[in-house]
Amino acid sequence: MSVVKFHHLPAVRFGHFFDDFITRDLARFAGAESYHSEPKVNVRDYEDHFRIEVAAPGLSREDFRLSIHENVLKISAGIENNQAENQGRYTRKEFGFEKFERSFTLPKTINQENITAKYVNGILNITLPKLPEATPRPSREIEISPA
């Protein structure tokens, strides 16, 4: 699902009903309970490994699930906020359930047995080591022998 941004036109204002309908009620009608956003991801290529960096602040290490099936790395996380709030009234409440799932097809040059992951300062870092035959070898001179 892609995120669609809604911008109000400064000169045109349709009142609270349309504003609320478009920004909140339409999302609820479309199934806001199942809405999820995808975190931003960086993929870095080093000589001996790849690193996937997933920006997911506010989560803990236990919220993540990583799995590999048929060369597909699946990263998912989900938390639910069910705490009852008895103080104050909300005019709008958007906190609640957050979840996401990202999948990456891995090249055959990845050593799947040695994949590691760390979650530090809101960034999930996944290290995907390359197999020895996939790492670049230094250039060398080849001597030509006499015939």
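**Strands and rings in a predicted model**

Student: How many bridges join β6 to strand β7?

Tutor: Good place to start, and keep in mind that this model is predicted. Strand β7 covers residues 123–129, and β6 and β7 run antiparallel. The number of bridges joining β6 to β7 is 5.

Student: Which residue in β7 is the bridge partner of Lys 118?

Tutor: Let's stay with the antiparallel strands β6 and β7. Look in β7 for the partner of Lys 118: this residue is Asn 125.

Student: What is the order of the strands in the open sheet?

Tutor: Strands of a sheet pair through backbone hydrogen bonds, either parallel or antiparallel. Here the pairing is antiparallel, and the open sheet has 4 strands. Their order is β1-β2-β7-β6.

Student: Which are the edge strands?

Tutor: An edge strand here pairs on one side only. The twist from one strand to the next averages 15°. The edge strands, at residues 41–45 and 116–120, are β1 and β6.

Student: How many aromatic pairs does the count come to?

Tutor: A pair of aromatic rings is described by the distance of the centres and the angle of the planes. For rings to pair, their centres must lie within 6.5 Å. By this rule, the count is 2.

Student: Is the pair of Phe 64 and Phe 100 edge-to-face or stacked?

Tutor: The centres of Phe 64 and Phe 100 are 6.3 Å apart, with 65° between the planes. Planes over 60 degrees apart count as edge-to-face. So the pair of Phe 64 and Phe 100 is edge-to-face.

Student: How many residues apart in sequence are the parts that Phe 64 and Phe 100 tie together?

Tutor: Phe 64 belongs to strand β3 (residues 64–69), while Phe 100 belongs to strand β5 (residues 97–105). The pair therefore ties together parts whose separation in sequence is 36 residues.

Student: Is Phe 64 buried or exposed?

Tutor: Phe 64 has a relative accessible area of 7%. Buried means under 20%. So Phe 64 is buried.

Student: Which residue forms a tilted aromatic pair with Phe 64?

Tutor: In this tilted pair the centres lie 4.9 Å apart, and the planes are at 50°. The partner is in strand β6, 55 residues from Phe 64. Its name is Tyr 119.

Student: Which residue lies over the face of Phe 50?

Tutor: Look 4.6 Å from the ring centre of Phe 50. The residue over its face is Lys 130.

How values were computed: Residues numbered from 1 in each chain as written. Predicted model: local features only at pLDDT ≥ 70, side-chain atom pairs only at ≥ 80, totals over all residues. Heavy atoms only, no water. Pairing = 2+ DSSP bridges. Helix = DSSP H or I, 4+ residues; strand = E, 2+ residues; numbered from the N terminus. Axes fitted to C-alpha atoms, helices over the stretch in contact; angles between N-to-C directions. Phe/Tyr/Trp six-rings, centres within 6.5 Å; stacked < 30°, edge-to-face > 60°. Buried < 20%, exposed > 50% of the residue type's maximum accessible area, 1.4 Å probe, protein only. Lys NZ or Arg CZ within 6 Å of the ring centre and 35° of its normal.
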